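Trainee: Could you take me closely through the salt bridges of this model, with attention to where the partners sit and how accessible they are?

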Amino acid sequence: MEISLLSVLLKNISSFFNMQSHENRASELVQMYHQKVKEILKIIKPVLESIVDAEVASDESLQKEFPGLSQSVEDLRELLEDCHPLMSKVYFVMQVESLFAKVRAQSLEVFELLKSSPEGLPDELSSASLEICIQKIKHMGYEKSSAILSKAIRDQAEGSGPNADSTSKIADFLSLKSNQELLIEAVALEKLKENAEQAEKMGDLECIEEMVALVTHMNDCLIEAKQSQSANPVPIPPDFCCPLSLELMTDPVIVASGQTYERSYIRKWLDLGLTVCPKTMQTLAHTNLIPNYTVKALIANWCESNNIKLPEPVKTLNVTQPRSPESSVRAIGSSGGTSRQDGTSPVHHVQSSYEDSLPENGHDVTESGDQSLDSRAQSSANEKLTEGHQRTVSTSSTHSNASFSQELSHEANDASGTQAATAYSSDASGEVAPAPEPQPAAATTPTAPRRDHEFSPRFETRPRNQLWRRPSDRYGPRIVSSPSTENRPDLTGVETQVKKLVEELSSDSVDVVRKATGELRLLARHNMDNRIVIANCGGIGLLIGLLRSTDEQVQENAVTALLNLSINDNNKSAIANADAIEPLIHVLETGSSEAKENSAATLFSLSVIEDNKIRIGRSGAIRPLVDLLGNGTPRGKKDAATALFNLSIFHENKARIVQAGAVRYLVELMDPAAGMVDKAVAVLSNLATIPEGRAAIGQEGGIPVLVEVVELGSARGKENAAAALLQLCTNSSRFCNMVLQEGAVPPLVALSQSGTPRAKEKAQSLLSYFRNQRHGNGGRG
């Protein structure tokens, strides 16, 4: 029994030495760690071989160490064997260093035990020789990059963010210095996240999400640095830049997801074996690249108008090889810190009670994790943009729209965008669903360029698990990926099918109508062209009429089809102009749970257009939305909160939301167990800008929970809570005293030093107000 345990350990060590060489397929990072593990095993193996037949091998203490060491060696072998060029480097380093630390600690323990039992040692071993081995292992050292990574991940999770020196060392060591390298890392982490979700490994899932947050931060810093370093006197519209290279496109092409890239960069991406869209993370149905002549012409016109010479197209790109990590490793290792040596996950967790919940998959959507992405861009297009930061017309959070749209969960998990911020502004569809062919634009005239959901390669503060999703309409035009006519898919068959289905919507047979609405619902989900065809064939008006159907399934299909159709901006206007708002309210009041959810989501989608915020608010939609907020399903509450947040951006709607009793429900939803803290506090932050809102927040017990969020919430939650408290305190001495009595000063001091820029600003303003009030009161005696 005892000898067999040692034999298994030796067998595993031999297997490691016999492991297939990685020289031809692994990065220098992997080879470096492979070599270091071999070095320590070369010290261990001869000693263990010498005691196989010795009396000391039967020592009970040693027997307890052999299985753990054996397992650690086996885990290292499997980890290194599974390495490939497209793996997550962050995750790999955290794992390999954790395992290496365990092997090192366990080996030292074995040698110390042997050294303490000199009478049972074979002749070739002595206490002196064992001491030499011990010192070799101790002084061999190992790279402590994971300590730097762990601290950076922890700092990011806590909201303070890692310092520039740490991220620079990480970028150098892991070769994550370019936008493409960071996106490849994001793809790898997304795959790991999916695997963890499927295996229901929640601990691993939390670790991976924290890694995603760090990579997101690093990508933000890279984009901001590139923007600031631009030597071009005229800012390049973001939609003219390739999302991979961040440079002006000269040969734009469309991929199967409908997104546009510089040909050479997306070709290199595909040649690396990556089969997902870098922006949407969708699996590409094919790898064909279709020229985007519309964007190319717009770029040429822009260059001519601004007297800028269009660069020559990049013909080829070499595969980027990772730099040698040795020098970077030394720099990181010198920063101190230790790797974890227990059996837990390699990432040091930091509890964040109010972070974003994971996207849900409760509806028909076949793709997950990309919920209403473009809606984030829509909301921000309706806001004031100052110095690159998103600000609503009220004092709501810099990040609120991003937070809300992240959770809009329906077939239309990518509601589209609104007007762009420049003269190039037109219409923009938000198709991000996987499609069997490239998703071209549906520009009806050359003067109205349109594009798929586009993501800006400029700085954007995003939820931590959404690295690659960047709304484009914040800093520039929205342009449709529109190939030439001959490259557009043949829609004849679809048009024939849609015309037949639209005709069946008027049938007297409920079964026929039910089937037709169901098929239109699915067609509207699939791609942008289908949405345009359905609208052009007159489907919108008939679907709106069916919102009042007494058949539950017909009503559900109709409202969900309209939600999917509303992804297209032209359809947004068409749906609103066809008097859909009142029928949607009818569904909100009388429909099934799913119908109510999708009705609320449709109203949110329509409210992206500024005029619709007014129309929806004045049509009586707010009260049933508030009822859904208070009494709906968890998904319904999220959809209602999303819609109410967008509506609250328009000042007139704030009083209506307060009068409908929303504040009580919002305060209740600030319980972390509800998973809606960030959403609730974002709406409250908007409502706190009016007297009725402040009074309701105070009356419903909102002040204690707002203070609690400042202390314990997510970075976004703290920011919005501080903004709400600032409004409450500066407008009411009674509320100011209540805030002080809740012990708000210490968390505000901490936030003023380590929060986001806007959170710091609000916290500092509030603390300054407290000081002024104290001095003023003292002066009056």
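**Salt bridges and their surroundings**

Mentor: In this predicted model, R716 counts as buried, because its relative accessibility of 8% falls under 20%. D678 is likewise buried, with a relative accessible area of 4%, and R716 forms a salt bridge with D678 in which the closest N and O atoms are 3.5 Å apart. This pair links distant parts of the chain, since R716 belongs to helix α31 (residues 715-731) while D678 belongs to helix α28 (residues 677-687), 38 residues apart. Elsewhere, salt bridges with shared partners join E74, R77 and E81 into one network. Within that group, the side chains of R77 and E81 meet at 2.7 Å, N to O, and both residues lie in helix α3 (residues 60-81), four residues apart, or about one turn of the helix. Their accessibilities fall into separate classes: R77 is buried at 14% relative accessible area, whereas E81, at 30%, counts as partly exposed. K169 counts as buried at 18% relative accessibility, while D165 is partly exposed, with a relative accessible area of 46%.

Definitions and conventions. Residues are numbered from 1 along each chain as its sequence is written. This is a predicted model: local features need pLDDT of at least 70, side-chain atom pairs count only at pLDDT 80 or more; totals for chains, interfaces and linings use all residues. Side-chain values use heavy atoms; hydrogens and water are left out. A salt bridge is a side-chain nitrogen of Lys or Arg within 4 Å of a carboxyl oxygen of Asp or Glu. Helices (H or I, at least four residues) and strands (E, at least two) are DSSP runs, numbered from the N terminus. Buried means under 20% relative accessible area, exposed over 50%, partly exposed in between (1.4 Å probe, protein chains only).
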